Amino acid sequence: MRTRVRVLGIETSCDETAASVVLGDGTVLSDVVHSQVALHAPYGGVVPELAARDHLTNIRPVVEAALERAGTRFGELDGIAVTCQPGLTGALLVGVQAAQGLAWALGKPVVGVDHLVGHLLAVYLRHPGLATPEPPEPPFVALVASGGHTALYRVDGLEAARIRELGATRDDAAGEAFDKVAKLLGLGYPGGPVIDRLAEEGDPEAVELARPMPRRDTLDFSFSGLKTSVVRWVMAHGRPGNDQVLRDLCAAFQRRVVDTLVSKAVLAARREKVGCLVLAGGVSANRSLRARAVEVGGRHDLRVLVPPVQSCTDNAAMIGFAGGVRLLGGANDADSLVTSPETALPRVTRKGRGQRGRLR
Ligand code: KG4
Ligand code: ZN
């Protein structure tokens with residue numbers, strides 16, 4: 001039953017127009033992503049108005065390509081899943097309208113999916129032809145590190161109601177820190193992949209930078225101090241050229257981010273007494289983060305699972321799978337689909353200072 005449910009996933013929350021056909025067991029039949037990186041690159045970040053207009057141009061060809069590559073006709077779909085939060089409102093509305101229209105025309109159910117739930121469940125996707133480790137049995141702890149969010153969750157089941165935030169960033173998201181530092185160093189947008197590449201040939205010990213959130217016992221994150229530390233370094237030494245100093249600076253910055261993410265994720269898994277740690281979100285494409293999480297997690301007898309890179313960065317397959325869970329439960333949001341810039345997952349971390357609730 002689970003395998004046979006065939007879902008069209010649609011994702012337009014930020015700067016990727018994506019569509020995918022996924023089976024209920026996570027088998028990815030197609031995974032089409034149109035990236036807007038070139039459109040936003042001259043501005044050093046995503047311009048919401050341009051993002052929405054570009055989604056409008058591309059949503060139809062991207063959805064058609066997803067169906068064609070999956071060898072699926074519209075009539076063969078069992079339902080449609082679409083990201084409805086969090087994200088840029090104009091961008092979300094394009095995907096939601098497309099999904100609503102298709103569902104209406106086809107007489108099929110449509111469900112809204114929280115983008116962060118999509119990231120958290122990406123570890124269940126199976127790409128034919130790609131070796132995929134056995135997916136985790138809840139409970140597990142997962143780190144979502146993306147351009148807009150950085151948080152740790154306890155996952156007790158695949159429904160959003162069974163996912164609980166344990167701690168999150170008080171200021172910048174990890175990906176945002178990568179992007180801002182890259183912009184400062186004149187490396188273009190997005191910053192993560194280019195810093196990842198440069199850091200590989202750098203010496204992280206050669207440059208002294210602040211440690212993000214030095215308190216080790218909290219599951220909150222803070223990356224703005226580290227960002228300021230890079231700004232101060234550049235003010236004191238000047239912006240490095242394309243040389244070894246640049247590589248060293250990137251390596252030092254990346255080391256600080258990776259160490260913080262890994263140590264807090266492992267701390268969360270140990271506190272929650274789970275045997276499995278999952279990484280998700282665009283920053284989980286980072287090679288150093290992936291390697292370090294496996295290494296440190298292994299030392300604590302944790303099974304560390306990281307989806308393939310294309311399932312870490314924004315995609316519609318994860319939305320299709322998370323929506324499939326809701327569709328299988330009988331959900332249909334046709335009359336109630338709304339968008340929101342915020343996640344539906346309850347937050348325990350207050351931006352700026354203090355916690356909203358007490359951590360266990
Ligand atoms: O999950 P995602 O694709 O979109 C959001 O939901 O935000 O994450 C995008 C973020 C960007 O900040 C990008 O710089 C970062 O993920 N990123 C990386 C890498 N690839 C993408 N950060 C570090 N290393 C990478 N290899
Ligand atoms: Zn994302």
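Modeller: On a 1 Å grid over the protein atoms alone, a cavity is a set of points where a 1.4 Å probe fits but cannot get out, and its lining residues have an atom within 4 Å of a point. Points are joined across faces, edges and corners, and a volume is the space filled by probe spheres set on them. The search of the whole structure finds 1 cavity of 30 Å³ or more. The largest cavity holds about 60 Å³ of space. Its lining includes Val123, Leu125, Thr132 and Pro133, together with Leu305, Val306, Pro307 and Pro308.

This is a predicted model, in which local features need pLDDT of at least 70 and side-chain atom pairs pLDDT 80 or more, while totals for chains, interfaces and linings use all residues. Residues are numbered from 1 along each chain as written, chains are lettered from A and ligands numbered from 1 in written order, and side-chain values use heavy atoms, without hydrogens or water.

The metal site comes next. The zinc ion (ligand 2) is coordinated at 2.0 to 2.1 Å by His115 (NE2), His119 (NE2) and Asp314 (OD), donors being N, O and S atoms within 2.8 Å of the metal (3.2 Å for Na, K and Ca). Along the chain, the donors of the zinc ion (ligand 2) follow the spacing H-x3-H-x194-D. His115 and His119 both belong to helix 4 (residues 115-121), where they are 4 residues apart, about one turn of the helix. Helices (H or I, at least four residues) and strands (E, at least two) are DSSP runs.

An N or O atom in the side chain of His119 is 3.2 Å from an oxygen atom of ligand 1. A nitrogen atom of ligand 1 has a polar side-chain atom of Asp196 at 2.9 Å. Gly282 places a backbone N or O atom 3.0 Å from an oxygen atom of ligand 1.

Thr169 counts as buried because its relative accessible area is 4%. The Thr169 side chain reaches the backbone nitrogen of Asp171 at 3.2 Å and the backbone oxygen of Phe221 at 3.5 Å. Asp172 is found in the loop between strand 8 and helix 5 as well, and it is buried because its relative accessibility is 7%. Asp172 and Phe223 are 51 residues apart along the chain, yet their C-alpha atoms are separated by 5.6 Å.

Helix 7 (residues 224-237) contains Trp233, which is buried at 14% relative accessibility. The C-alpha atoms of Trp233 and Val207 are 8.9 Å apart in space, while the two residues are 26 apart in sequence.

The backbone also deserves attention. Most residues other than glycine have a negative phi, and most peptide bonds are trans. The peptide bond from Pro138 to Pro139 is cis, with omega near 5°, and Pro139 lies in the loop between helix 4 and strand 6 (140-145). A cis bond also joins Tyr189 to Pro190, with omega near -5°; Pro190 belongs to the loop between helix 5 and helix 6 (191-199). Lys273, although not a glycine, has a positive phi of about 55°. Lys273 is exposed, with 74% relative accessible area, in the loop between helix 8 (244-271) and strand 9 (276-280).

Conventions: 1 Å grid on protein atoms, 1.4 Å probe; cavity = no way out; pocket = protein on both sides within 12 Å on 5 of 7 lines; lining within 4 Å. Polar contact = N/O pair within 3.5 Å; in protein donor to acceptor, adjacent residues only side chain to side chain. Buried < 20%, exposed > 50% of the residue type's maximum accessible area, 1.4 Å probe, protein only.
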